[in-house]
Amino acid sequence: MTLVIDCHGHYTTAPAAHSAWRDAQKAAFKAGDSAPAYPAISDDEIRETLEANQLRLLRERVADMTIFSPRASAMAPHIGDEAVATAWARANNDLIARCVGLYPDIFAGVCMLPQSPLADMAGSVAELERCVTDLGFIGCNLNPDPGGGRFAHPPLTDRFWYPFYEKMVELDVPAMIHVSGSCNPAMHATGAYYIAADTIAFMQLIEGDLFADFPTLRFIIPHGGGAVPYHWGRYRGLADMLNKPALDGHVMNNVFFDTCVYHQPGIDLLAEVIDTKNILFGSEMVGAVRGIDPTTGQYFDDTKRYVDALPISDEQRHAIFEGNARRVFPRLDAKLKERGV
């Protein structure tokens, strides 16, 4: 029997007290004051937010587990300074750890990072190590543009990022390349900024030679890889023009796309263009698009339906739903094996 592992879930329904504390933290920073103490949130409050949302939808859609991280649009490391970003990251990651503790067979934790725009990666290295070694997390979300739409950071192939990659390799965890909210009014967060950042990240990886230095480094580019599968010929051609090796050896041993594409033709194209070994099932549920598609009567983000409908073999479907996630997230594979799964 194949497990259905959703590689891309966010705690978008966190308790109101958690969000209220963030508002208070931001107000305190603006006023030059210390943030108030983080509120007491009961296990029952957490259960209520999950049972009514993520867990209900997982059951309805016949999925088994979600790789779970803080709400992406709220990570916002560009707000405040590094101390603000660190406190917010720890609060979010600790809350994810509590979700995992309450439902260990359903959730596996992935952490956000305190990537304040003026900071180096030392604080992110420390938070990744804390989350993996102390909280049992299996990966992280890495923001390629901590400035929130300014794109002022060096490309992902730059040595600025190397200390973090070294820690990722040491801990054997992957990163989902995921920006946060947009502070640029020209970029709608989920409709423009996310997809643009995904595409930009892939092109950066083509231009560099990162995986020659880190052959075991693994990235998931979400939202179906942004515009990449749709323009696959462009990127193959650009790699050739830049005198880079073919993409299958240059980047695709290390880069994976999820299935957060919200219509059947998009999933069909993804599966036709991208090798099965590079596709992980994901829904981003409950996330960017929450409504019902009037042409199908089904939720846009019920992406399992699209994968079920693909004209692929059982072996390929198993890889997309389970096998690839266990390979890309070896700490998840170890946890499942401990459970006899």
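Reader: In β2, which residue is the bridge partner of H10?
Author: S69 is the bridge partner of H10. Bear in mind that this is a predicted model.

Reader: How many bridges join β1 to β2, and do they run parallel or antiparallel?
Author: Five bridges join them, and the two strands run parallel. β1 covers residues 5–11, and β2 covers residues 65–70.

Reader: Is β1 buried or exposed?
Author: Buried. Seven of its seven residues are buried, so β1 is largely enclosed by the rest of the structure.

Reader: What is the strand order in the open sheet?
Author: The order is β1-β2-β3-β4-β5-β6-β7-β8. That makes eight strands, with parallel pairing.

Reader: Which strands stand at the edges?
Author: β1 and β8, the latter at 279–280. Each has a single partner strand, so one side of each is left without a neighbour in the sheet.

Reader: And β6 to β7, how many bridges there?
Author: Three bridges, again in a parallel run. β6 spans residues 219–221, and β7 spans residues 255–258. I220 stands opposite F256 in β7.

Reader: Switching to pockets. How much space lies in the largest pocket?
Author: About 380 Å³. Its lining has 19 residues.

Reader: Which of those lie nearest the centre?
Author: I195, H223, C260, V261 and Y262.

Reader: Which elements give two or more residues to that lining?
Author: α7 (189–207) and α11 (264–273) do. The largest share, four residues, comes from α7.

Reader: How does the lining of the largest pocket divide into nonpolar, polar and charged?
Author: Twelve nonpolar, six polar and one charged.

Reader: What about the second largest pocket, how much space there?
Author: About 290 Å³. It is lined by 18 residues. S19, R22, R71, A74 and W88 lie nearest its centre.

Reader: Which helix gives the largest share of that lining?
Author: α1, with five residues. α1 (16–31) and α4 (82–102) each supply at least two. By class, the lining has nine nonpolar, five polar and four charged residues.

Reader: Now aromatics. How many aromatic pairs does the count come to?
Author: The count comes to 16. One of them is W21 with Y38, which is edge-to-face. Their centres are 5.4 Å apart, with 70° between the planes.

Reader: Where do W21 and Y38 sit in the chain?
Author: W21 is in helix α1, and Y38 is in the loop between α1 and α2 (43–51). They are 17 residues apart, so the pair links distant parts of the chain.

Reader: Is W21 buried or exposed?
Author: W21 is buried, at 8% relative accessible area. Y38 is partly exposed, at 32%.

Reader: Which residues do ring pairs link into a cluster?
Author: Y162, Y165, F211, F214 and F219.

Reader: Backbone next. Which peptide bond is cis?
Author: The bond from M285 to V286 is cis, with omega near 0°. V286 lies in the loop between β8 and α12 (303–308).

Reader: What is the phi of D172?
Author: Positive, about 60°, although D172 is not a glycine. D172 lies in the loop between α6 (162–171) and β5 (175–177). At 33% relative accessibility, D172 counts as partly exposed.

Reader: And N243, where is that?
Author: N243 is in the loop between α9 (232–241) and α10 (247–250). N243 also has a positive phi of about 60° without being a glycine. At 70% relative accessibility, N243 counts as exposed.

Definitions and conventions:
Residues numbered from 1 in each chain as written. Predicted model: local features only at pLDDT ≥ 70, side-chain atom pairs only at ≥ 80, totals over all residues. Heavy atoms only, no water. Buried < 20%, exposed > 50% of the residue type's maximum accessible area, 1.4 Å probe, protein only. Pairing = 2+ DSSP bridges. 1 Å grid on protein atoms, 1.4 Å probe; cavity = no way out; pocket = protein on both sides within 12 Å on 5 of 7 lines; lining within 4 Å. Points joined across faces, edges and corners; volume = space filled by probe spheres on them. Nonpolar A, V, L, I, M, F, W, Y, C, P; charged D, E, K, R; others polar. Phe/Tyr/Trp six-rings, centres within 6.5 Å; stacked < 30°, edge-to-face > 60°.
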